[in-house]
Amino acid sequence: LHFDWPDDAPTGAARVRLEAGDDLATWRTVRDAAPLANLRAGDTRLREGRVEFAPTAAVLRRLIEDLE
């Protein structure tokens, strides 16, 4: 998955978990603790907007912020 932010987006960083499922009741983790970031210091920017995961057969995917 690839995420991009507009230039005027707020800065921040988080770790996320990607889950996959075939219905809305049962989910399995396909990527844990993936970093997402849109950071700025002066004119320098750091953007991490890619969540890589192994191919998996699933109808649905959801992204959850990892608060641990």
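**View 1. Glu-19 and its salt bridges in the predicted model.** In this predicted model, Glu-19 forms a salt bridge with Arg-62, in which the closest N and O atoms are 2.6 Å apart. Because Glu-19 lies in strand 1 and Arg-62 in strand 4, the pair ties together parts that are 43 residues apart in sequence. Glu-19 also forms a salt bridge with Arg-17, with the closest N and O atoms 2.8 Å apart. Glu-19 is buried, at a relative accessible area of 8%, whereas Arg-62 counts as partly exposed at 33% and Arg-17 counts as partly exposed at 22%.

**View 2. The salt bridge between Asp-4 and Arg-47.** The side chains of Asp-4 and Arg-47 meet in a salt bridge at 3.7 Å, N to O. Asp-4 belongs to the segment before strand 1 and Arg-47 to strand 3, so this pair ties together parts that are 43 residues apart in sequence. Asp-4 counts as exposed, with 57% relative accessibility, while Arg-47, at 32%, counts as partly exposed.

View 3. Strand 1 (residues 12-21) and strand 2 (residues 28-41) pair over eight bridges, and Gly-12 stands opposite Asn-38 in strand 2.

**View 4. The largest nonpolar core.** Five residues make up this core, namely Val-16, Leu-18, Ala-34, Leu-36 and Val-51. Strand 1 and strand 2 each supply at least two of its residues.

Terms used:
Residues are numbered from 1 along each chain as its sequence is written. This is a predicted model: local features need pLDDT of at least 70, side-chain atom pairs count only at pLDDT 80 or more; totals for chains, interfaces and linings use all residues. Side-chain values use heavy atoms; hydrogens and water are left out. Two strands pair if DSSP finds at least two bridges between them. Helices (H or I, at least four residues) and strands (E, at least two) are DSSP runs, numbered from the N terminus. A nonpolar core is a set of buried Ala, Val, Leu, Ile, Met, Phe, Trp, Tyr and Cys residues joined through side-chain atoms within 4.5 Å. Buried means under 20% relative accessible area, exposed over 50%, partly exposed in between (1.4 Å probe, protein chains only). A salt bridge is a side-chain nitrogen of Lys or Arg within 4 Å of a carboxyl oxygen of Asp or Glu.
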